[in-house]
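Open the model in your viewer and keep the selection panel at hand.

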Amino acid sequence: MSRTVYVNGQWLPEEDAKISIFDRGFIFADAIYEVTAIADGKLIDFARHAARLSRSLELLGIPQVVTEKKLLELHKEIARRNNVTNGLVYLQISRGAEDRSFVYGQDLQPTVVLFTQLRPILSNPKWKTGITMRSTPDGRWANRHIKTTQLLYSSLSKVEAGREGFDDTLFVEDGLITESGSANFHVITRDGTLVTRGLSNALLHGITRGSILDVAQKAGLKTEERSFSLEEALQASEAFITDSISMVLPVVSIDNKPIGTGKPGPESQRLLTLYVDEKLSTGVSVG
């Protein structure tokens, strides 16, 4: 069945949705995006996504042509139009369209697009088995804290990891882990401390990352935000990644070397439960 999508103020069947071939998001990946999960009919962490969107747009100098209030209305409406109670809303804002030039004009009208995807947000089979990762050099651009659509290196790395029998890729730069192919990476040390890389332009400032730190601290778990090496990760008792769709996803091995027992650990499972409970109680209903 055709989905209803949103393009520059219009609700359209997906097969009728079009943007200009001169859109800078298409030609230069000159665009920002956000992905907000819908779980049991509730938007998860919408306010944080909206705040990060504003920061990213400001850093690239793209005008924010849709207010947070209007964005929330659009997210609710597109979920209702497509009967999505578990899935995601993808939002993308590009700088706009003009004849191809590296130097962009100052009066462009941004392109705003939203669509939905159905996903079993609350029944991920990988929560029980965990995932395997392959380490690889981080070859992405330097400003990874800006959530742009230039994701080719991550995409190629994920595909190559899959070809080699791994579930995902883990980026390493100067001997230190930055993040996974599309999520933040965390470890639980043998003394029970949750360690995640500190915020900088080396990694995306993940929405779920921030929420998990809040949840962990409320639960009495010691946390540290600092850089750590691949070797330290391999010595951890547990590891997991966080993103809006997978939430808290255990990592059981890196480069075929087991983390801890080689199975999802108790702390990552506890954090997942606490996170889901909190977000379902605070999420924004799309109904």
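Start at glycine 192: this residue has a positive phi near 85° and sits in the hairpin of strand 10 and strand 11, with five residues between the strands. Strands here are DSSP runs (E, at least two residues), numbered from the N terminus. The model is predicted: local features need pLDDT of at least 70, side-chain atom pairs count only at pLDDT 80 or more, and totals for chains, interfaces and linings use all residues. Residues are numbered from 1 along each chain as its sequence is written, and side-chain values use heavy atoms, with hydrogens and water left out.

Next, select residues 194-196, which form strand 11; three bridges pair this strand with strand 10 in the antiparallel sense. Pairing requires at least two DSSP bridges between the strands. Valine 195 is opposite valine 187.

Colour strand 10, residues 184-188, by accessibility: five of its five residues are buried (under 20% relative accessible area, 1.4 Å probe, protein chains only). Asn184, His186 and Ile188 lie on one side, Phe185 and Val187 on the other.

Then show the largest nonpolar core, 44 residues, where Phe185, Leu194 and Ile254 have the most contacts. Such a core joins buried Ala, Val, Leu, Ile, Met, Phe, Trp, Tyr and Cys residues through side-chain atoms within 4.5 Å. Strand 14, residues 247-254, contributes the most, with five residues. Finish at a second, separate core of 23 residues, including Leu43 and Ile93.

Conventions:
Buried means under 20% relative accessible area, exposed over 50%, partly exposed in between (1.4 Å probe, protein chains only). Helices (H or I, at least four residues) and strands (E, at least two) are DSSP runs, numbered from the N terminus.
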